[in-house]
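Trainee: Hi! Could you walk me through this one? I'd like to start with the ligand.

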Amino acid sequence: MPIIEVNALRKSYGGRLVVDEVGFGVEEGEIFGILGPNGAGKTTTVECVEGLRVPDSGTVRVAGLDPVADRHRVTRLLGAQLQESELQPKLTVREALELYSAFYPEPADWRRLAERLGLDTHLTRRFAKLSGGQKQRLSIALALIGNPRVVVLDELTTGLDPRARRDTWRLIEEVRASGVTVLLVTHFMEEAQQLCDRVAVIDKGRLVALDTPAGLIDRSSGSTVISFTPSEPLQDTGVLARLPGAVSVSVDERDGRVTVHGDDDTADAVISLLAARRVTARHLRVLETTLDDAFLDLTEQDA
Ligand SMILES: Nc1ncnc2c1ncn2[C@@H]1O[C@H](COP(=O)(O)OP(=O)(O)OP(=O)(O)O)[C@@H](O)[C@H]1O
């Protein structure tokens, strides 16, 4: 049974529908991503999972419990990342960890948590003096302090530099390895691709796809892009369009550069075809479609 179940969730603000029949299930031990453009309804959806918002209709269950009706029990098994504004700037790291562990009947050992998150050398530092990455690590520590089964992380690495972002990703993988299910709201495709087992793509309040990152990429138009400038113009580009897996072929009129969308087989076939015709492929590039491309395919149709 999924640890999180969302069925036909609907939520409006002032008569404007922002979550429209969203449904998904998260298995225990997964890192499950919610991805979507600004204002898509991601935060509203996870706030319904956390019991912070009451759905207009539909059901949400966390370990079989209703997050609104069973708020107290859900709070014990679900850890949520705090917004920065929720911490007093003068509070030290140690005080924050002690304070938050006092909220739970069986808290994690905050010293070990601080060590695991690399905060043990900053225990006396005030919150306001922490770097972006340190603040982020503290908010993850506070989300984990109640020994939750599920942790909800919203815009985890926004504002972090690439190194801090990568460190945070490693941390999230460790959190999952310790058995905690992670529900992750993100704008970053790379983050979803790196971390998530499955991703729900939400656009304008609706679930537009639910798949593994690789599955989403496979669905997008042509998962491999082959481009090259032939040493002599190709007389018949139709032959490229008929190669295995080829989805589209275009030729740039200015420089004759050819671009073929297809899959791995197409790349092999293009190279064999050119070799058979003794045409050299100059500036050959073979690129894999990224989750970025898949995301744009899924969300921009009626933008
Ligand atoms: N309390 C509120 N009252 C009125 N409208 C709201 C409220 N909270 C969110 N909204 C609106 O609902 C829509 C969905 O917001 P939500 O924060 O769920 O989207 P999101 O996908 O998380 O966006 P972002 O990626 O920008 O954080 C947005 O248009 C937002 O302006």
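Mentor: Happy to; we'll go from the ligand to a helix and then to the cores. Keep in mind that this is a predicted model.

Trainee: Got it. Which residues are around the ligand?

Mentor: They are Tyr13, Gly14, Val18, Gly36, Asn38, Gly39, Ala40, Gly41, Lys42, Thr43 and Thr44. By class, that shell has three nonpolar, seven polar and one charged residues.

Trainee: Which helix gives the most to that shell?

Mentor: Helix H1, residues 42-50, with three residues.

Trainee: And which residues of H1 are buried?

Mentor: Lys42, Thr44, Thr45, Val46, Cys48, Val49 and Glu50. That is seven of the nine residues of H1, so the helix is largely enclosed by the rest of the structure.

Trainee: What follows H1?

Mentor: Gly51, and its phi is positive, near 85 degrees.

Trainee: Switching topic: which residues touch the most other members in the largest nonpolar core?

Mentor: Ala141, Val182, Leu183 and Leu184, out of 65 residues in that core. Helix H5 (residues 132-144) supplies the largest share of this core, six residues. The core also draws at least three residues from each of domain 1 (4-211) and domain 2 (219-299).

Trainee: What does Leu184 touch, leaving out residues up to four places away in sequence?

Mentor: On that count, Leu184 touches Ile31, Phe32, Gly33, Leu153, Leu156, Leu195 and Cys196.

Trainee: How many residues are in the second core?

Mentor: That separate core has 10 residues, including Phe228, Val249, Val258 and Val270.

Conventions: Residues are numbered from 1 along each chain as its sequence is written. This is a predicted model: local features need pLDDT of at least 70, side-chain atom pairs count only at pLDDT 80 or more; totals for chains, interfaces and linings use all residues. A residue is near a molecule or strand if its C-beta atom, placed from the backbone, lies within 6 Å of it. Helices (H or I, at least four residues) and strands (E, at least two) are DSSP runs, numbered from the N terminus. Ala, Val, Leu, Ile, Met, Phe, Trp, Tyr, Cys and Pro count as nonpolar, Asp, Glu, Lys and Arg as charged, and the others, Gly among them, as polar. A nonpolar core is a set of buried Ala, Val, Leu, Ile, Met, Phe, Trp, Tyr and Cys residues joined through C-beta atoms within 7 Å. A residue is buried if 20 or more other C-beta atoms lie within 10 Å of its own, exposed if 12 or fewer, and partly exposed in between; C-beta atoms are placed from the backbone. Domain bounds come from an automatic or database domain assignment. Two residues are in contact if their C-beta atoms, placed from the backbone, lie within 7 Å.
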